[in-house]
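My entries follow in the order in which I looked things up.

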Amino acid sequence: MVEPVVRIPNAKVALSTASVYPESTATAFEIAARLGYDGVEVMVWTDPVSQDIDALRRLSDHHGIPILAVHAPCLLITQRVWSTDPWVKLQRARAAAEKLGASTVVVHPPFRWQRQYARDFVSGIWRMADETDVRFAVENMYPWRYRDREMLAYAPDWDVTKDDYRHFTIDLSHAATARTDALGMVDRMGDRLGHVHLADGKGSAKDEHLVPGRGGQPCAELLERLAGSGFDGHVVIEVNTRRAMSGAEREADLAEALAFARLHLASTAGVSRR
C-alpha cells in the first residue's frame with residue numbers, strides 16, 4: 001500500500017512588524033504570539049521601539065516570540081534612522097541581529113541617487129557578510145511607474161539577480177509590481193535564496209502587499225517548491241493591513257496569511273510503503 005508522506009520543511013513562518021502598520025512594533029509581537037507565528041522580523045523604521053535593541057529583547061522575552069530577522073532601515077521615510085550613512089545603518093542592523101539572535105538582515109539595493117553607496121554596494125555587502133554569521137539577504141525591488149513612464153530608482157538594479165550576492169530575499173509583492181516572473185527569479189537565485197517575504201500582488205504600479213492568495217502571484221507554488229527542496233530559511237508574512245477597519249479584521253488577515261503559509265509548506269513530497 002502506497003501512502004503520501006507529508007513533509008514539512010524546517011522553514012519558520014514569521015510576522016513582519018510592518019504588517020501591523022499603523023499599529024506599533026510592540027503590537028506586532030503581541031499578535032504574532034497570539035496567532036502562533038514562529039517569530040518576527042523587525043522592520044527598523046520611525047517607531048523608536050524598532051530601533052531599541054533592549055526594548056526589542058524585552059518584547060521578545062515577554063511574549064516568548066523570537067526575533068528571526070532584522071530589516072535594515074532602507075525606506076525613504078527612514079533616511080535618518082540609525083544615521084544618514086547607509087553603511088552605518090547596515091553595521092547597526094548587523095549588530096542588532098547578532099545581539100538579538102536573528103539569523104538574517106534584509107537589505108534593499110541602494111537608491112540611484114546614493115551614488116557612492118551604489119557603486120560599492122555589491123563588494124561592500126560581500127565584505128560585511130564575511131565578518132559575521134548573519135546572512136545579508138538582498139531583496140528584489142521594482143521600477144517606479146507613473147502613468148506610462150518608468151523610472152529606475154534602484155542601483156545597481158532592482159532585479160538583484162543581475163548582481164552577485166551571497167544571499168537573496170524574494171518579495172512576491174515586489175515581483176508583482178515589477179511585472180516579472182517570480183518563479184523565474186527564484187530559479188536565478190537558486191540555493192542563494194535565503195529569505196522570503198510572502199505577500200501577493202496584482203501587478204499594480206503600487207506595491208500592494210496583499211494577503212497571499214488574493215492576487216496573481218505564485219505564492220502557493222513557491223511555498224510548495226520550498227517544501228520540496230528542504231528550504232531552511234524564513235518565510236515572513238509582510239502584508240498591508242492599514243485598511244483594516246478594526247484590530248479584529250487585521251488579526252483575521254494575519255491569521256489567514258499564516259494558515260496559507262503553513263498549508264502550502266506541508267508538501268506531499270514523497271511516498272512510503274507498508
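**Entry 1: strand β2**

Is strand β2 (residues 12–16) largely enclosed by the rest of the structure or exposed? I keep in mind that this is a predicted model. I looked up burial along β2 and found four of its five residues buried, so the strand is largely enclosed by the rest of the structure.

Next I looked up the pairing of β2. Strand β11 (residues 234–237) runs parallel to β2 and is joined to it by four bridges.

**Entry 2: the barrel**

In what order do the strands close into a barrel? I traced eight strands, and the order is β2-β3-β4-β5-β6-β9-β10-β11, with parallel pairing. From one strand to the next I find an average twist of 25°.

I then checked β3 against β4. Four bridges link β3 and β4, again in the parallel sense. In that pairing Met 43 stands opposite His 71 of β4.

Helix α6 (residues 182–189) lies across β9 (167–171) and β10 (193–198). I recorded about 170° between α6 and β9.

**Entry 3: helix α1**

Which residues of α1 are buried? My list is Thr 25, Thr 27, Ala 28, Phe 29, Ile 31 and Ala 32. I looked up what covers these residues, and the cover includes β2, β3, α2, β4 (67–71) and α8. After α1 comes Gly 36, and I noted its positive phi, near 95°.

**Entry 4: α1 against α2**

I compared helix α1 (residues 25–35) with helix α2 (residues 53–63): their axes are 10 Å apart and the packing angle is about 20°. That angle makes α1 roughly parallel to α2. I recorded the crossing of α1 and α2 as right-handed.

Which residues of α1 and α2 meet? From α1 I have Thr 25, Ala 26, Phe 29, Glu 30 and Ala 33, and from α2 Leu 56, Leu 59, Ser 60 and His 63. Sorted by class, the contact of α1 with α2 has five nonpolar, three polar and one charged residues. Thr 25 and Phe 29 are in this contact and are also among the buried residues of α1.

**Entry 5: α7 against α8**

The last pair I looked up was helix α7 (residues 219–229) and helix α8 (residues 247–265). Their axes come within 8 Å and cross at roughly 45°. α7 is therefore oblique to α8. The handedness of the crossing of α7 and α8 is right-handed.

On the α7 side I listed Cys 219, Ala 220, Leu 223, Glu 224, Leu 226 and Ala 227. They meet Phe 260, Ala 261, His 264 and Leu 265 of α8. By class, I count eight nonpolar, one polar and one charged residues in the contact of α7 with α8. I also noted again that α8 is among the elements covering the buried residues of α1.

Notes
Residues are numbered from 1 along each chain as its sequence is written. This is a predicted model: local features need pLDDT of at least 70, side-chain atom pairs count only at pLDDT 80 or more; totals for chains, interfaces and linings use all residues. Side-chain values use heavy atoms; hydrogens and water are left out. Axes are lines fitted to C-alpha atoms, for helices over the stretch in contact, and angles run from 0 to 180 degrees between N-to-C directions. Helices (H or I, at least four residues) and strands (E, at least two) are DSSP runs, numbered from the N terminus. Angles under 35 degrees count as roughly parallel, over 145 as roughly antiparallel, 65 to 115 as roughly perpendicular and the rest as oblique. A crossing is left-handed if the near helix is turned anticlockwise from the far one by less than a right angle, and right-handed if clockwise. Contact means heavy atoms within 4.5 Å. Ala, Val, Leu, Ile, Met, Phe, Trp, Tyr, Cys and Pro count as nonpolar, Asp, Glu, Lys and Arg as charged, and the others, Gly among them, as polar. Buried means under 20% relative accessible area, exposed over 50%, partly exposed in between (1.4 Å probe, protein chains only). Two strands pair if DSSP finds at least two bridges between them.
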